[in-house]
Amino acid sequence: MKPVQQHFDLVDKTLDPKDHFAKILSKSLKDFNPFYKLKNAVIFNEDSLKILHSIPENSIDMIFADPPYMLSNNGFSCRNGKRVNVNKGKWDKSNGFEEDTIFHNEWISACHRILKPEGTIWISGTYHSIYQCGYLLLKNNFHILNDIAWFKPNASPNLSCRFFTASHETIIWARKDKKAKHTFNYKLMKNGLFPEDKLKTENAQMRSVWSMTTPKIGEKEYGKHPTQKPFDLLKRIVLASTKENDIVLDPFCGSGTTGVACRYMKNRFFIGIEIDKKYCELAKKRLL
């Protein structure tokens, strides 16, 4: 596969894609000390906006974002059959509709700037946040490609018995430039083997409802993150929408599942940003 050069012009016309990752770190992000760094992956313990604003425009191939759901409101939920407090940390506390909307708009706008024209973004969320993010994607001139329903066969029950049991999350997939040709590995999605997904029919087009359990026990051997995404989910997203030498960024990387998926795929570069140091440590252990 020949290196893809056509959209590196705003950074360096002569730069090979394999060196682009290193240049971003050594030039644009030189003022930030990485929490953890490998040859093809780096984690920053920083406010995501600081890093996003420092990355050159048209530099990133794909972004996966699982932003705060703003649910730390002293309510309760169910985990492992037990009633638990929903509070996750101050990073998940709502500041009201207007302030939450401003927050989402700031990071989505920053992501639009740094994506290449053909680059894509995936945003995961529940009804508490995903509709704000969908609206703001359109406001920031993204072109929505799909909304994926991630169905959780093992979703926790609803303890209040006043609502339907929440058993899915929505993931919006969008392209920066409507006229650009984004990466979609159609044949891999159609003909690949996905034994974890009982809804996927072999050798048939992949549909927009994906059935996957929440993270397996082994995925939490180094610790737990309250909104950790399963490896199978991120593996599919990376497999579907990236190619060799692509740079993948996660502005709220939590336990680092996006980075783990990139490392599994090989020949992908990963930039993770996480504001909570303890989750940076967790992500580091998973990337070793």
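Contact is defined here as heavy atoms within 4.5 Å. The structure is a predicted model, in which local features need pLDDT of at least 70 and side-chain atom pairs count only at pLDDT 80 or more, whereas totals for chains, interfaces and linings use all residues. Residues are numbered from 1 along each chain as its sequence is written, and side-chain values use heavy atoms, with hydrogens and water left out.

Under this definition, and with neighbours within four places in sequence left aside, threonine 257 is in contact with Gln228, Lys229, Pro230, Phe231, Leu234 and Arg286. Threonine 257 belongs to helix α7, which spans residues 257-265; helices (H or I, at least four residues) and strands (E, at least two) are DSSP runs, numbered from the N terminus. The residue is buried, its relative accessible area being 4%, where buried denotes under 20% relative accessible area, exposed over 50%, and partly exposed the range in between (1.4 Å probe, protein chains only). A polar atom of the threonine 257 side chain lies 3.2 Å from the backbone oxygen of lysine 229. This pair is judged by the polar-contact criterion, namely N or O atoms within 3.5 Å; within protein, one must be able to donate a hydrogen and the other to accept it, and residues adjacent in sequence count only if both atoms are side-chain atoms.

Two of the residues in contact with threonine 257, Phe231 and Leu234, are among the buried residues of helix α6. Helix α6 (residues 231-241) is mostly covered, with ten of its eleven residues buried. Arg236, Ile237 and Val238 are also among the buried residues of α6.

Overall, the protein chain contains eight helices and eleven strands. Of its 288 residues, 49% are buried. Among contacts between residues at least 6 apart in sequence, 69% join residues at least 24 apart. The accessible surface comes to about 15000 Å², and carbon and sulfur atoms account for 51% of it; accessible areas come from the Shrake-Rupley method with a 1.4 Å probe, and for residues only the protein chains shown count as cover.

Nine strands form an open sheet with mixed pairing, in the order β1-β2-β11-β10-β3-β6-β8-β7-β9. Two strands are taken to pair if DSSP finds at least two bridges between them. The edge strands, β1 (36-37) and β9 (209-211), each pair on one side only. At the β1 end, a hairpin joins β1 to β2 through three residues, and the two strands pair in the antiparallel sense over two bridges. Lysine 37 has valine 42 of β2 as its bridge partner. Strand β2 runs parallel to β11, to which four bridges join it, and phenylalanine 44 stands opposite isoleucine 273 in β11. Both faces of β2 are covered, with Ala41 and Ile43 buried on one side and Val42 and Phe44 buried on the other. Helix α8 (residues 277-287) lies across β1 and β2 (41-44) and runs at about 170° to β2; axes are lines fitted to C-alpha atoms, for helices over the stretch in contact, and angles run from 0 to 180 degrees between N-to-C directions.

Strand β11 (residues 269-273) also pairs with β10 (residues 247-250), in the parallel sense over four bridges. Aspartate 250 stands opposite glycine 272 in β11. Strands β7 and β9 run parallel and are joined by three bridges, with serine 211 of β9 as the bridge partner of phenylalanine 151.

A nonpolar core is a set of buried Ala, Val, Leu, Ile, Met, Phe, Trp, Tyr and Cys residues joined through side-chain atoms within 4.5 Å. The largest such core has 35 residues, and those with the most contacts inside it are Ile60, Ile63, Trp107, Ile121, Ile123, Leu249 and Ile271. Helix α3 (residues 97-114) gives the most to this core, with five residues. A second, separate core of 32 residues includes Trp210, Val238, Cys253 and Cys280.

Two non-glycine residues with positive phi lie in loops. Cysteine 161 has a phi of about 60° and is located between β7 (143-151) and β8 (168-175); its relative accessibility of 66% makes it exposed. Lysine 266, with a phi of about 70°, lies between α7 and β11 and is exposed, at a relative accessible area of 56%.
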